[in-house]
Amino acid sequence: MFRTYIFGFIASLMLLAPQMSMAEIADAHSPAEENAQSLLAAFASYTDLRLLSIRQSLEILASTTEAKSLKWKTMEPLLRGYQESDDGLIVWFVRPDGTYFTVDKGKVAKTLSDRSYFPPLMSGQIIDGELVVSKSTGKRSTVIAVPVMKGGKVVGAIGASVFLEKLADQVSTTLALPANISFFALAPSGLTALHKKTNREFLDPRDLGSPTLKKAASEMLTHQAGVTSYMFDNVTKKAVYRSSPLTQWKFAIVFQ
């Protein structure tokens with residue numbers, strides 16, 4: 001049942017992802033590019049499935065009587081159980097005023113009300129893939145969050161801060177890329193959400209001093225899918241890319 005769902009979801013991602021133009025398809029004839037396209041599909045599908053599974057778990061948690069009680073002591077064991085069953089994330093509950101609690105620290109002295117995703121979340125929207133530096137851990141993270149509804153109203157939200165360095169390591173392990181092939185993902189803002197070299201996460205490639213890289217990154221952020229090239233570290237590189245229907249990140253596989 002689960003395997004059928006996974007394959008079905010991957011197929012839906014393929015259908016939702018924008019297709020390459022005829023010129024791009026004609027250009028993507030080399031074995032290297034064909035291999036890169038296969039790796040790109042695996043990279044995008046794995047990451048989206050990983051984040052979607054987290055969102056679905058949070059939706060289940062948000063629907064429980066423990067979450068709807070709005071009492072941290074009541075819901076904390078349930079949230080802790082989920083956090084301990086996963087690796088590389090922090091689970092939290094936030095109230096409509098922005099005060100929040102994490103499994104690791106309990107009530108946090110800071111507030112989430114100044115986060116850009118907070119107003120949409122409190123209006124009932126699900127948050128997928130927002131980039132933040134976690135206030136409770138200081139780690140570069142992506143936020144997945146779902147509202148807690150009671151009586152037809154938003155009374156709070158349950159979220160997860162997913163550590164990007166850990167997620168990139170999981171992608172690297174899954175793809176097992178050779179040394180001359182890399183991957184990265186750009187958020188709609190242009191910041192690097194994921195990178196094989198994790199120290200490059202949260203950097204904007206348009207600010208790294210390469211005019212051709214700036215042009216390629218701008219192209220990726222403008223178009224839904226395609227093939228581009230640029231020079232960086234004195235090496236000419238080629239990238240195939242596509243947009244995620246879940247987070248709107250642009251996934252890319254890079255080869256020399």
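Mentor: Helices (H or I, at least four residues) and strands (E, at least two) are DSSP runs, numbered from the N terminus. The model is predicted, with pLDDT of at least 70 needed for local features and 80 or more for side-chain atom pairs, whereas totals for chains, interfaces and linings use all residues. Residue numbers run from 1 along each chain as its sequence is written, and side-chain values use heavy atoms, without hydrogens and water.

The part to look at is the open sheet of six strands, which has the order 3-2-1-6-5-4 and antiparallel pairing. Strand 3 (106–111) and strand 4 (127–133) are at its edges; each has a single partner strand, so one side of each lacks a neighbour in the sheet. On average, and with direction ignored, neighbouring strands of this sheet are turned by 35° against each other.

Strand 1 (residues 89–94) pairs with strand 2 (residues 99–102) in the antiparallel sense over three bridges; pairing requires that DSSP finds at least two bridges between the strands. Across from Val-94 stands Tyr-100 in strand 2.

Two helices pack on this sheet. Helix 3 touches strand 1, strand 4, strand 5 (140–150) and strand 6 (153–163), and its direction makes about 30° with that of strand 5. Helix 5 also packs on the sheet, touching strand 1, strand 2, strand 3 and strand 6, with its direction at about 160° to that of strand 1. Contact here means heavy atoms within 4.5 Å.

The two helices also pack on each other. Helix 3 (residues 31–62) and helix 5 (residues 72–85) have axes 11 Å apart and an angle of about 165° (axes are lines fitted to C-alpha atoms, for helices over the stretch in contact, and angles run from 0 to 180 degrees between N-to-C directions). Helix 3 and helix 5 are therefore roughly antiparallel (over 145 degrees; under 35 is roughly parallel, 65 to 115 roughly perpendicular, the rest oblique). Helix 3 contributes Ile-54, Ser-57, Leu-58 and Leu-61 to the contact, and helix 5 contributes Leu-78, Leu-79 and Tyr-82. By class, the residues of this contact are six nonpolar, one polar and no charged (nonpolar: Ala, Val, Leu, Ile, Met, Phe, Trp, Tyr, Cys and Pro; charged: Asp, Glu, Lys and Arg; polar: the others, Gly among them).

Leaving out residues up to four places away in sequence, Thr-198 touches Arg-140, Glu-165, Ala-168 and Asp-169.

Two other loops hold residues with positive phi. Asn-234, in the loop between strand 9 (225–232) and strand 10 (235–243), has a phi of about 65° although it is not a glycine, and Asn-234 is exposed at a relative accessible area of 76%. Gln-248 lies in the loop between strand 10 and strand 11 (250–255); phi of Gln-248 is near 70°, and Gln-248 is partly exposed at 39% relative accessibility.

As for the setting, the protein has eight helices and 11 strands. Of its 256 residues, 50% are buried. Among contacts with a separation of 6 or more, 53% join residues 24 or more positions apart.

Conventions. Buried means under 20% relative accessible area, exposed over 50%, partly exposed in between (1.4 Å probe, protein chains only).
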